[in-house]
Amino acid sequence: MIRTLRHITSLDHPDLQPFRTLRRPEEHRQQGIFVAEGEKVTLRLLHSGLTVRSLMLSEDWFTLHRPAIDAHRDPIDVHVGPKKLLETIVGHDLHQSMMGIGEVPPPATIDGLLRRLPDRAVLVMADGITNAENMGVIVRNCVCFGVDALLVLSSSCDPYLRRSVRNSMGNIFRLPIVYFERGTEPDHVPADNFGDGIRTLKDAGVRIIGAHPRQESIDLRSLSAHGRVCIVLGAEGHGISQLTLDMCDATTVIPMPAGVDSLNVASASAVLLWELWKTQQPR
């Protein structure tokens, strides 16, 4: 439903501040909000079940999508303005003159996740993934290949960063997120303790497998990954941290021709998750 409808000729109104930056500033984190950009992502937000606070869109998008806005359960503040004005924020190609502000859902917990986790399950852990675009593509790949949850270490960026939400194409709204605090980085969000969480996962039969090139790593094509597994993705520069590697049950590697360094971590996640998805299918 529409709570307020404002036709804007300027971006100076205080209510528009969350829309006016490419980054998710500290105030966003404190308020528990995120920005959705583009028609597809914003519509997926409207249909996600998450709380929607406000929308900013052009007149043609408002006319087209007003039925969906009117039907929404939340009272939404709607700002309608000319396309040329909205394009001055970050560029037409980025947000397509339609944006939304949503509330970040409460994070999942390991205990809550395990209560719902099936006997055949795939989890993904992000260790040191600091590039928001990569994080968004990883989220998108997780949903595409049936991952049950994303575990985010505090060394990684927040999947609800603006660029991450955009690159996930709104798939972030469908993926449970568990945050891990390792105790070596500043506070991130309410989070499970890393060591305790890993031990809880292992006690529940989850096998921790690091995607990491080293001599003892198993060729991905030979990896036995039935049951419950968690694949760990590391930073592109130095890979998985030693602390996390020490807690892995095994490591795996994508076979490549000699002389090829590696895949981008987001591309690698697609290959890894496709192979895991095939392994997890009933025979």
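The paragraphs below go from the whole chain to selected elements and residues, then to the pocket and the cysteines.

The model is predicted. The protein contains 11 helices and 13 strands. Its radius of gyration is 20 Å, close to the 19 Å given by the globule rule for 283 residues, so the protein is as compact as a globular protein of that length. Along the principal axes, the C-alpha atoms fill a box of roughly 60 × 45 × 40 Å. Of the 283 residues, 51% count as buried. Among contacts with a separation of 6 or more, 75% are between residues 24 or more positions apart.

Helix 2 gives a view of the interior. This helix spans residues 39–46, and its buried residues are Val41, Thr42, Leu43, Leu45 and Leu46. The cover over these buried residues includes strand 2 (33–37), strand 3 (52–58), strand 4 (76–81) and strand 5 (98–103), together with helix 3 (59–71) and helix 8 (162–167).

Strand 4, one of the elements in that cover, holds Val80. Is Val80 buried or exposed? Its relative accessible area is 1%, under the 20% cut-off, and therefore Val80 is buried. Leaving aside residues up to four places away in sequence, Val80 touches Leu5, Arg6, His7 and Ile8, and also Leu57, Ser58, Glu59 and Phe62. Val80 and Ser97 are separated by 17 residues in sequence, and their C-alpha atoms are 9.7 Å apart.

The largest pocket has a volume of about 440 Å³. It is lined by 22 residues, of which Ala211, His212, Pro213, Ser262 and Leu263 are the closest to its centre. Which elements supply at least two residues each to this lining? They are strand 12 (228–234), strand 13 (250–253) and helix 11 (265–280). Helix 11 provides the largest share, three residues. By residue type, the lining of the largest pocket divides into 12 nonpolar, eight polar and two charged residues.

The cysteines remain. How many disulfides does a search of the whole structure find? The search finds zero. Cys144 is in no disulfide, and the nearest cysteine sulfur, in Cys142, is 9.3 Å away. Cys144 has a relative accessible area of 52%, over the 50% cut-off, and so is classed as exposed. Cys230, in contrast, counts as buried, at 0% relative accessibility.

Key. Residues numbered from 1 in each chain as written. Predicted model: local features only at pLDDT ≥ 70, side-chain atom pairs only at ≥ 80, totals over all residues. Heavy atoms only, no water. 1 Å grid on protein atoms, 1.4 Å probe; cavity = no way out; pocket = protein on both sides within 12 Å on 5 of 7 lines; lining within 4 Å. Points joined across faces, edges and corners; volume = space filled by probe spheres on them. Helix = DSSP H or I, 4+ residues; strand = E, 2+ residues; numbered from the N terminus. Nonpolar A, V, L, I, M, F, W, Y, C, P; charged D, E, K, R; others polar. Disulfide = S-S within 2.5 Å. Buried < 20%, exposed > 50% of the residue type's maximum accessible area, 1.4 Å probe, protein only. Rg over C-alpha atoms; globule rule 2.2 N^0.38 Å. Contact = heavy atoms within 4.5 Å.
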